[in-house]
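Q: I would like to learn how to read strand pairing and helix packing in a model. Can we take one case step by step?

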Amino acid sequence: MRVVLAEDLFLLRDGLVRMLEAYGFEIAAAVETGPELTKALAELEPDVAVVDVRLPPSHTDEGLQCALAARRARPGLPVLVLSQHVEQLYARELLADGNGAIGYLLKDRVFDADQFIDAVRRVAAGGTAMDPQVISQLLSRRSQDKPMGGLTPREREVMELMAQGRSNAAIAGQLVVTERAIAKHTSNIFGKLGLPPSDDDNRRVLAVLAYLDHG
């Protein structure tokens with residue numbers, strides 16, 4: 001699986017290259033600026049891009065904007081964005097096209113190799129990987145704006161894991177229950193929130209994220 005990596009801090013970039021290679025990824029390019037990222041994504045057509053939000057020369061959200069432009073040119077390009085802090089606007093921009101194959105993680109997560117690699121693989125496969133802190137903020141804001149359809153505490157727990165991009169099987173494993181029980185919870189969640197049912201994990205994730213973000 002070919003990766004384009006964009007990170008301006010040399011030590012972190014080098015560490016990510018080594019980690020990705022150790023898990024069997026091929027590094028198509030490891031760049032440090034927005035223009036280099038744009039060029040690499042256009043010319044190398046990687047299987048997934050791992051991108052720092054803030055890149056030179058502007059040091060604002062140049063990495064994110066380069067990735068979004070690349071997705072407009074190549075719809076569905078898998079992109080995992082890394083950010084120092086939770087910014088709901090970044091998550092909203094990533095989710096805007098509704099196509100999936102996106103992820104948003106805090107940089108702290110890259111120090112947990114299993115969690116980081118799982119997120120890269122999930123995004124590359126067309127799934128979604130959202131940082132738990134992003135989901136917590138969306139849930140908190142949404143609960144203040146409008147009650148969550150009378151969800152039980154367990155249903156809220158399942159919905160939070162679903163919004164992070166977890167499949168029913170993964171949620172069942174984490175909560176130590178059967179997949180059948182999780183399927184029942186997700187059905188109840190969608191019914192209470194008025195969302196259309198779906199058997200596709202990623203469609204469910206995107207529907208829940210859209211609900212949390214926009215209502």
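A: Start with strand S1 and strand S3 (residues 48-52): 4 bridges join them, and they run parallel. Two strands pair if DSSP finds at least two bridges between them. Strands (E, at least two residues) and helices (H or I, at least four) are DSSP runs, numbered from the N terminus. The model is predicted: local features need pLDDT of at least 70, side-chain atom pairs count only at pLDDT 80 or more, and totals for chains, interfaces and linings use all residues. Residues are numbered from 1 along each chain as its sequence is written, and side-chain values use heavy atoms, without hydrogens and water.

Q: Which residue of S3 stands opposite Val3?

A: Val48 does.

Q: How many bridges join S1 to strand S2 (residues 26-31)?

A: 5 bridges, and S1 and S2 run parallel. Val4 stands opposite Ala29 in S2.

Q: Is S1 buried or exposed?

A: In S1 (residues 2-6), 4 of the 5 residues are buried, so the rest of the structure largely encloses this strand. Buried means under 20% relative accessible area (1.4 Å probe, protein chains only).

Q: How do helices H1 and H5 pack?

A: Two packed helices are described by the angle between their axes and the distance between the axes. H1 (residues 10-22) and H5 (residues 113-124) pack at about 75°, with axes 11 Å apart. That makes H1 roughly perpendicular to H5 (angles of 65 to 115 degrees). Axes are lines fitted to C-alpha atoms over the stretch in contact, and angles run from 0 to 180 degrees between N-to-C directions.

Q: Which residues meet there?

A: Leu16, Met19 and Leu20 in H1 meet Ala113, Phe116, Ile117 and Val120 in H5. Contact means heavy atoms within 4.5 Å.

Technical notes:
Angles under 35 degrees count as roughly parallel, over 145 as roughly antiparallel, 65 to 115 as roughly perpendicular and the rest as oblique. Buried means under 20% relative accessible area, exposed over 50%, partly exposed in between (1.4 Å probe, protein chains only).
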